[in-house]
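Subject: Structure handover

Hello,

Here is the structure I promised to pass on. Please open it first, then read my notes below with the model beside you.

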Amino acid sequence: CLASVKDSQTADALGIRETYQQILDRSSYTLGKVKPDNVQKLYGKKLRLSASQVDKQAECKMHYFLRYGLRAKERKEATVDPAEFGTYVHAVLEDTAREVMTRGGFHNVSLEETMNIAKGFSDAYAKERFSQLDSQRVSYLFERNVQELSAIVEELWQELSVSQFLPADFELAFGDGEKMSAICVPDAEMEAQLRGFVDRVDVWNNGYSNYFRVVDYKTGRKDFDYCDVFNGLGLQMLLYLFALEQEGEEVFGENLVPAGVQYFAARSPFVTASGKLTDEQAAAEHGKTWKRKGLILADDAVVNAMEPEGSPKRLSCKVDKNGVLTGDVAQREQLKLLKKYVFKVRRNMVHNIASGDVTPDPYTRGSAHNACSFCPYKSVCHFATVEGRRNYKTMSAQRFWDEISKEVESDG
């Protein structure tokens, strides 16, 4: 109270008493809900969602509302967008893999020929996108990415030249008029569809079934995080996996069986060592750090088809001393359970949007993930005072499967 009196006296002395009082009054404001009529005016009668929109809604309802409802835009410095280089890597990897498959596949096309193919696409991309940018910094960044791309293409060839899972489609799009229909959200409060695309789909036919995995190229860091998935983040690849299982037979053949999701790190990891390494030692250490992330079907035949070289070195799993697969793997029944849970989370997300609830509820995982860290809307929601912040800790695989089992059972 004494502090308030002192502040009032200061405001009087500065001649800003009225402004000061308005600020005090506004400090107690709370957010209401968007009325149903306004929800339709903002989003339309049918929600058209992308994977990034799904993640933003899971991270914070307020952020989703401001970005995709009001379409509020942050101010940005006029500069070359570093994300352009990530787009470059995606484009070259896609074009290279597609061209290699037309020439007989990675089993028949040599590493040297593959590298030459990639260089051709890289040069063409640079000529089209960067020829007008006369900057030493841009030239340096592009040259550095060209060098890294060579390592990435070689790693891709090393994997696919021995894998029985063969690339079957690239940039597979989900949406109206696309090869795959948009992913619908049944039993939701308003009509909604999810659209987007998969970087690559690989298929292995064992003579009876078509096992398939969805692959996403990631130039940034991306792990399969059980806590994130449980709370609605990072569902993109799982949604595509289960959508293809249901409706992908016309594209990939009958008896489709989901073999998992895989994040391919489209960046060359750094290797540290206390002393000088031989070329063989450096290559071995490099391989250890270039692990694929994701979730794989716990089936020995499937894993061996992905990496037929004994115990997996690139996959997110390994064989223990008893010959049992461990790591980020899931039994068939667990994948069926996960499918039900993912669809439930998606339906709940649509419910939140349709309800008009835009209360800030940022998702936080310590220093590893904080929805507010780089949010452009901090000044709107006053994030420092948010009481609805959701703080989570790491979730083990066992707890993850236990919890989603409970959630699915409670949903009937």
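**Strands and sheets**

Strand β3 (residues 183-184) pairs with β4 in the antiparallel sense, over two bridges. Two strands count as paired if DSSP finds at least two bridges between them. Strands (E, at least two residues) and helices (H or I, at least four) are DSSP runs, numbered from the N terminus. Across from C184 stands Q193 in β4. β3 and β4 form a hairpin, with six residues between them. In that turn, D187 has a positive phi of about 60°.

Before you go on, two notes on the source. This is a predicted model, where local features need pLDDT of at least 70, side-chain atom pairs count only at pLDDT 80 or more, and totals for chains, interfaces and linings use all residues. Residues are numbered from 1 along each chain as its sequence is written, and side-chain values use heavy atoms, with hydrogens and water left out.

Back to β4. Strand β4 (residues 191-194) is also joined to strand β1 (residues 46-49), by four bridges. β1 and β4 run parallel. Here R48 has Q193 in β4 as its bridge partner.

Next, find the open sheet of six strands. Its order is β2-β5-β6-β7-β8-β11, and the pairing is mixed. Which strands lie at its edges? They are β2 (166-174) and β11 (329-330), and each pairs on one side only. β2 and strand β5 (residues 196-205) run antiparallel, joined by seven bridges. One place to look is L172, whose bridge partner in β5 is V198. As background, side chains in a regular strand alternate between the two faces of the sheet.

There is also an open sheet of three strands. The order is β13-β12-β14, again with mixed pairing. β13 (369-370) and β14 (390-391) each have a single partner strand, so one side of each is left without a neighbour in the sheet. Strand β12 (residues 363-365) pairs with β13 over two bridges, in the antiparallel sense. R365 has H369 in β13 as its bridge partner.

Now pick out Q262. It sits in strand β7 (residues 256-265). Is Q262 buried or exposed? Q262 is buried, because its relative accessible area is 2%. The cut-offs are these: buried means under 20% relative accessible area, exposed means over 50%, and partly exposed lies in between (1.4 Å probe, protein chains only). Q262 has contacts (heavy atoms within 4.5 Å) with residues including E159, R213, D216 and R292, leaving aside residues up to four places away in sequence. Others that Q262 touches include M237, K293 and L315.

**Salt bridges**

How many salt bridges does a search of the whole structure find? It finds 25. A salt bridge is a side-chain nitrogen of Lys or Arg within 4 Å of a carboxyl oxygen of Asp or Glu. Here are some to look up.

- E99 and R103 form one, with the closest N and O atoms 2.9 Å apart. E99 is partly exposed at 25% relative accessible area. R103 is partly exposed too, at 43%.
- K218 and D216 form another, with the closest N and O atoms 3.2 Å apart. K218 counts as partly exposed, at 25% relative accessibility. D216 is buried, at 7%.
- E407 and K344 form a salt bridge with the closest N and O atoms 3.0 Å apart. This pair links distant parts of the chain, 63 residues apart. E407 is in helix α16 (residues 397-410), and K344 is in helix α14 (residues 332-355). E407 is partly exposed at 29%, while K344 counts as buried at 9%.

**The whole chain**

The protein chain has 16 helices and 14 strands. Of its 412 residues, 43% are buried. Take the contacts between residues at least 6 apart in sequence: 74% of them join residues at least 24 apart. The chain exposes about 23000 Å², and carbon and sulfur atoms supply 48% of that. Accessible areas come from the Shrake-Rupley method with a 1.4 Å probe; for residues, only the protein chains shown count as cover.

Best wishes
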